[in-house]
Amino acid sequence: MIQPNTSSRTARLSVLALLLVPAAALGCSGGGAEPLEPVVPDALPTFVEKGQAVGFTDSQGVRNDAANCLFSKSNLAQRFPDLIEAGVASGLRFNQCVPERMTSGAAAVDVDGDGLEDVVFTRLTGTPILYLNESTPGAPLFRNATQGSGFDKVEGATNGVGFADIDNDGDKDVALTGVASPQMYLLINDGTGKFTEEAVARGVAMDDGEPHAGQGVTFGDYDLDGWLDMHTNEWQSSIVAKLGVPSHSRLFRNLGAQGKPGVFEDVTETAKTRVDSVVDTTWTFSSIFTDFDGDRYPDLAVIADFNTTKLFWNNRDGTFENTTYESGLGGEENGMGLAVDFHGREQKPTLFISSIKSLSDCKDDSGLIGTGNRLYQYGEDRVFDDVTDRAGVRDGGWGWGASFIDATNTGSRDLVQAAGIDEPWSNPAGCHARDPVIYWRNDGTDTYDEVATRVGIVETKPTKATVVFDADNDGRMDLLVTRDAETPAFFHNVTPIVGRYVDVRVVGTRSNRDALGAIVSVTALPDGPTKKYFTGTTGTYLAQDTANLRIGLGGGVEPVHRIEVYFPLSDETVVLTNIERNTTVEVVEPDGSTPSADGGAGS
């Protein structure tokens with residue numbers, strides 16, 4: 001046990017372990033506790049696709065024709081005999097078939113606490129899948145363990161997936177949205193990776209007799225009461241949308257502070273976060289709770305199609321204010337996926353939104369005019385600057401999921417984006433069906449160049465979700481990409497020489513157990529720059545990246561000069577110094593039992 005320096009209350013720090021990584025793989029001169037030698041990380045990462053080889057052999061669905069789409073009249077009549085059809089463009093194949101062409105979610109989550117991140121997949125056909133991680137360093141391997149896990153009890157097509165410790169009991173629970181299904185699903189973990197579906201009992205099922213067209217789901221403590229709240233999204237087909245019927249894009253408040261841990265109430269209306277269209281539809285894809293303006297309280301960004309993205313600023317009284325366009329956001333025509341990071345010399349929060357970049361040789365008949373992705377950097381006074389073209393990340397085809405990734409542990413995060421959709425009804429057919437996965441390399445100044453084929457990421461089937469995690473604990477971040485109606489692609493990171501790193505695991509005591517909302521600041525060298533990181537998930541589409549924070553440090557050998565972890569709820573900052581590289585540290589929030597030395601410190 002190492003006692004850290006702290007600017008506030010006494011905190012606990014555990015150096016959990018040196019990852020058992022082959023020395024040559026990380027450019028070391030020896031194994032175990034031998035001194036590290038300086039290395040020069042490779043300029044580009046190297047990935048090898050091994051989806052089938054590592055065990056991801058189950059398809060996430062099928063591509064139905066128009067007559068058999070999940071939202072076709074015949075299927076809806078069978079599943080929802082009491083449904084009264086909306087009658088709004090109900091005969092169009094567009095409205096019937098599009099929702100299932102925007103599916104296939106995934107999340108990397110350690111369900112059983114063994115230190116290896118397992119994978120949950122949603123599916124259009126059959127139950128969701130739980131793959132348990134049985135990897136060793138350098139040899140990723142997964143086993144289908146759905147049977148008997150509780151996931152096998154989920155009936156109906158599923159789409160978005162997210163995880164969080166909703167009851168502060170130390171394990172990860174899993175939320176799943178449905179497609180043409182009667183409800184949302186919430187699976188409660190018993191701590192061993194066995195789950196019980198309890199959405200109805202916990203107030204989030206939304207079983208209202210209407211078919212769901214669920215998209216992403218996200219968690220965050222928006223009211224700073226120490227319990228994680230939840231936001232859901234829905235791209236609501238006009239075939240089932242009816243005036244006056246609320247969509248399933250909702251904000252749920254956790255009632256843990258009232259003695260009901262992990263039980264939720266719908267506060268969409270009272271919190272002023274309703275996103276339903278004044279006409280008949282709701283088009284939200286992804287959302288995230290992030291404190292953009294630095295007032296400690298998480299704001300809510302809801303990324304949506306057809307110019308309906310919303311940025312809800314937190315009023316710190318349980319309500320939000322929508323000033324999307326006044327804040328400089330919403331310029332993208334078709335917002336879909338998202339990713340959040342800190343950028344620039346001043347390390348300001350930055351929001352990447354994937355969208356559609358129209359192809360010059362692909363004039364479909366949808367009327368879409370796509371000017372591509374957006375990268376928004378927070379400025380001041382609740383206003384963002386559009387830095388898309390300066391960064392070079394506008395053109396990602398028909399964009400979907402997106403994640404930041406430091407694949408070579410240099411400290412500069414690259415950006416990866418899924419893309420493509422198979423629309424046989426468009427004219428010409430298959431317009432964006434071959435859009436490739438995009439990999440933008442960060443040159444160290446937050447300017448990017450596209451290098452996907454050079455790093456071994458070659459994928460031209462429609463892809464949807466991106467998930468970044470170190471699957472085999474070898475010190476390199478891997479990439480999982482879902483393909484709707486296909487098996488997923490798994491790009492194993494086999495870069496010969498990568499830099500050092502430190503993994504920071506943050507645990508809340510007064511805050512939520514996952515410490516979502518905490519900010520980690522790292523100064524690797526005494527005279528070096530300070531970089532900031534959000535804890536927990538930082539976005540994507542239908543999916544969730546690793547909850548473990550991997551911080552690349554480059555090829556040096558010096559101990560990390562300083563790590564600060566700021567907890568917004570308690571307004572405390574824990575300061576750690578002289579942390580060895582290639583280690584994992586756990587930072588636990590001060591519990592308030594020790595008097596403060598000099599008061600709380602902001603970020």
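Is Asn473 buried, exposed or partly exposed? Some notes on that residue and two others follow.

1. Before the details, a word on the model: it is predicted, so to speak of local features takes a pLDDT of at least 70, side-chain atom pairs count only at pLDDT 80 or more, and totals for chains, interfaces and linings use all residues. Residues are numbered from 1 along each chain as its sequence is written, and side-chain values use heavy atoms, with hydrogens and water left out.

2. Asn473 counts as partly exposed because its relative accessibility is 23%; the class sits between buried (under 20% relative accessible area) and exposed (over 50%), using a 1.4 Å probe and protein chains only. You'll find Asn473 in the loop between β27 (466-469) and β28 (478-481). Strands here are DSSP runs of E, at least two residues, numbered from the N terminus. Have a look at the backbone too: phi of Asn473 is near 50 degrees, a positive value in a residue other than glycine.

3. Asp571 isn't a glycine either, yet its phi is positive, about 55 degrees. This Asp lies in the loop between β35 (560-567) and β36 (572-579). With a relative accessible area of 27%, Asp571 is partly exposed.

4. Asp305 is also in a loop, the one between β16 (299-304) and β17 (310-314), but at 5% relative accessibility Asp305 counts as buried. Setting aside neighbours within four places in sequence, Asp305 is in contact (heavy atoms within 4.5 Å) with Trp235, Trp283, Phe285, Glu333, Asn334 and Gly335. Take Phe285: it is 20 residues from Asp305 along the chain, and their C-alpha atoms are separated by 7.3 Å.

Terms used. Helices (H or I, at least four residues) and strands (E, at least two) are DSSP runs, numbered from the N terminus.
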